[in-house]
Amino acid sequence: SSTTTSTRPSRGRLVIHGTGDVSLDPDYIPSLVEHGYEFAWSGVGDLFASDSLTVVNLECPVSTNGSPLQKEFTFRCDPAAMPVMAAAGVEVANLANNHSRDYGVEAMLDSLEHLRAAGVQPVGVGVDARAAHQPAILEVDGWRIAVLGFGGVVPSHDWLARPDHPGMADGDDLDSMAAAVAAAAGVADLVVVSVHWGVELGTEPDPGDVERARAMVAAGADIIFGHHSHRLNPLTLVDGKPVAWGLGNFVWPRLSEAGARTAVAQVVVEPDGSMSACLLPAEIVESGHPRLTSAPPVCPDDGT
């Protein structure tokens, strides 16, 4: 009997970027109407277009359907902004956050269609729990990368996906998060997690989130991009894996100096799997327009 061995493509060097909160709501950021949706991305040049993978947290449903819920802030993204985001180099958008259902379930599920039609893979929400925990799978330079989304800032329990109920992947539940990560690690070479967690305006990781990060890394997560607090948090290693605890605002109104200070997390994965990571400093110089504050983008000396 003869044996056949499948030859794997040789792996290249990966450059992966993650950002915090992105809003493409023209009512919330009128400057995007004035300047066009390219304005959201022009401050980073070709950083995302020339890398291996870019993951953002999209803080709004992408739909013209539905009606706003009774809550303090309700956001809605313009479907016309999605092809522009894709052209800027964004491949994956996390929707597991406290705004994806601002206009109801129909608008949340409509977001999946608009993103996919534009060429952006949505993660973190779905028609049921299985779909919400399904990773986006990307083949890049000989690597198979899985990206997962979780939302731990839950406006009410019915926002969570269940076996027979649409919603988002629970970002508080250690067991289901670890199980989803382990399943993704079983089919991919690299697992990237985008997770909405933390305390509003907090600048250091929450102890509960440190526990979640440890559990996800133990289950096979390689890179974790956190967001929600609207403030930039540090990037550190958890058992050797880079965790950006809070990436702050990104495409967002400039509401304060502290809220305008942000960064892009950059992780470089060498062909042998070794990684280096840092935060590329950026600033929301005017509403809806983040700009890298060093050109060309250079990791600070105190980067991990």
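Predicted model: local features only at pLDDT ≥ 70, side-chain atom pairs only at ≥ 80, totals over all residues.

**Exercise 1.** Determine how many cavities of 30 Å³ or more the whole structure holds, and describe the lining of the largest cavity by class.

*Solution.* Step 1: the search of the whole structure returns one cavity of 30 Å³ or more. Step 2: the volume of the largest cavity is about 60 Å³. Step 3: its lining consists of W197, G198, V199, G202, E204, P205, D206, D209, S229, N233, W245 and G246. Step 4: sorted by class, this lining comprises four nonpolar, five polar and three charged residues.

**Exercise 2.** Locate N97, decide whether N97 is buried or exposed, and identify the side chain with which N97 forms a polar contact.

*Solution.* Step 1: N97 lies in the loop between β3 (92-94) and α3 (104-118). Step 2: the relative accessible area of N97 is 0%, and buried means under 20%, so N97 is buried. Step 3: the side chains of N97 and N57 are joined by a polar contact of 3.1 Å. Step 4: beyond its neighbours within four places in sequence, N97 touches N57, L58, E59, V153, W159, M168 and H196.

**Exercise 3.** State which residues have the most contacts inside the largest nonpolar core, and which elements give two or more residues to this core.

*Solution.* Step 1: the largest nonpolar core has 44 residues, and L24, W41, L58, M82, M85 and L115 have the most contacts inside it. Step 2: β2 (53-58), α2 (81-87), α3, β13 (249-251) and β15 (275-286) each give two or more residues to this core. Step 3: a second, separate core of 26 residues includes L53, V92, L232 and L247.

Conventions
Residues numbered from 1 in each chain as written. Heavy atoms only, no water. 1 Å grid on protein atoms, 1.4 Å probe; cavity = no way out; pocket = protein on both sides within 12 Å on 5 of 7 lines; lining within 4 Å. Points joined across faces, edges and corners; volume = space filled by probe spheres on them. Nonpolar A, V, L, I, M, F, W, Y, C, P; charged D, E, K, R; others polar. Helix = DSSP H or I, 4+ residues; strand = E, 2+ residues; numbered from the N terminus. Buried < 20%, exposed > 50% of the residue type's maximum accessible area, 1.4 Å probe, protein only. Polar contact = N/O pair within 3.5 Å; in protein donor to acceptor, adjacent residues only side chain to side chain. Contact = heavy atoms within 4.5 Å. Core = buried A, V, L, I, M, F, W, Y, C linked by side-chain atoms within 4.5 Å.
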